[in-house]
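Take a moment to turn the model around on your screen before reading on. Then let's go through it piece by piece.

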Amino acid sequence: MSKFLNEFKDFAMRGNVLDLAVGVIIGGAFGKIVSSVVDDLLMPVIGMLIGGLDFKALSITIGQAKIMYGNFIQNVIDFTIIAFCIFLLIKGINTLSRKKAEPAAPEAPAEPSSEEKLLAEIRDLLKNKQ
């Protein structure tokens with residue numbers, strides 16, 4: 001049983017698992033913020049612009065079943081905005097990472113060193129002998 005617990009501890013303490021956990025927690029909080037922006041700021045304005053329509057109230061009743069397609073529309077809009085925000089965030093992080101990762105190009109020496117000149121002379125002499 002101790003071996004199993006040690007394996008689990010090694011798994012749980014890996015960097016990838018911890019990074020994933022942090023990502024999930026931050027993603028959940030970020031999702032709540034974006035949902036609030038959509039629900040409380042954007043959708044009332046969009047509803048007002050299209051004639052006072054409340055998407056969440058849109059539904060169709062078939063027999064005793066009530067199909068809430070407006071809520072579905074609201075969730076699709078939420079998802080689209082969240083996905084776009086995450087895309088922009090990842091794009092920005094990738095741009096910063098790329099700039100940081102690119103090493104500066106080494107400058108070419110303006111003039112060959114004395115060793116390089118000597119090696120070039122030796123090379124030229126060997127070419128002429130053959």
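What follows is a short tour, from the overall shape down to a single residue.

## The overall picture

First things first: this is a predicted model. The protein contains 4 helices and 2 strands.

How does the radius of gyration of the protein compare with that of a compact globule of 130 residues? Such a globule would come out near 14 Å, but this protein has 31 Å. Its C-alpha trace spans about 100 × 60 × 25 Å along the principal axes. Buried residues make up 9% of the 130 residues; to count as buried, a residue needs a relative accessible area under 20%.

## Stretches marked in UniProt

An unreviewed UniProt entry puts the feature "transmembrane region" at residues 12-34, 41-60 and 72-90. Let's see what the model does with two of those stretches.

Residues 72-90 are 100% helix and 0% strand, with end C-alpha atoms 27 Å apart.

## The largest pocket

The largest pocket holds about 160 Å³. Which helices each supply at least two residues of its lining? They are helix 2 (15-49) and helix 3 (69-101).

Look for Gly 23, Ile 26, Gly 27, Phe 30 and Gly 31, and then for Ile 82, Ile 86, Leu 89, Ile 90 and Ile 93: these residues line the largest pocket. By type, the lining has 7 nonpolar residues, 3 polar ones and no charged ones.

Helix 4 covers residues 114-129, and you can check its length yourself. At 1.5 Å a residue, its 16 residues should span 22 Å; the end C-alpha atoms are 23 Å apart, so the two values agree.

How many of the 16 residues of helix 4 are buried? The count is 0, so this helix is hardly covered.

## A closer look at Gly 92

To finish, zoom in on Gly 92, which sits in helix 3. Is Gly 92 buried, exposed or partly exposed? Its relative accessible area is 30%, so Gly 92 is partly exposed, as that label goes to values between the 20% and 50% cut-offs.

Now find Thr 80, which is 12 residues from Gly 92 along the chain. The C-alpha atoms of Gly 92 and Thr 80 are separated by 18 Å.

Note on methods
Residues are numbered from 1 along each chain as its sequence is written. This is a predicted model: local features need pLDDT of at least 70, side-chain atom pairs count only at pLDDT 80 or more; totals for chains, interfaces and linings use all residues. Side-chain values use heavy atoms; hydrogens and water are left out. On a 1 Å grid over the protein atoms alone, a cavity is a set of points where a 1.4 Å probe fits but cannot get out, and a pocket is an open set with protein on both sides within 12 Å along at least five of seven lines; lining residues have an atom within 4 Å of a point. Grid points are joined across faces, edges and corners, and a volume is the space filled by probe spheres set on the points. Ala, Val, Leu, Ile, Met, Phe, Trp, Tyr, Cys and Pro count as nonpolar, Asp, Glu, Lys and Arg as charged, and the others, Gly among them, as polar. UniProt positions are given in the numbering used here, feature names are shortened, and annotations may be inferred rather than shown by experiment. The expected span of a helix is 1.5 Å times one less than its number of residues. Buried means under 20% relative accessible area, exposed over 50%, partly exposed in between (1.4 Å probe, protein chains only). The radius of gyration is taken over C-alpha atoms; the globule rule is 2.2 Å times the number of residues to the power 0.38.
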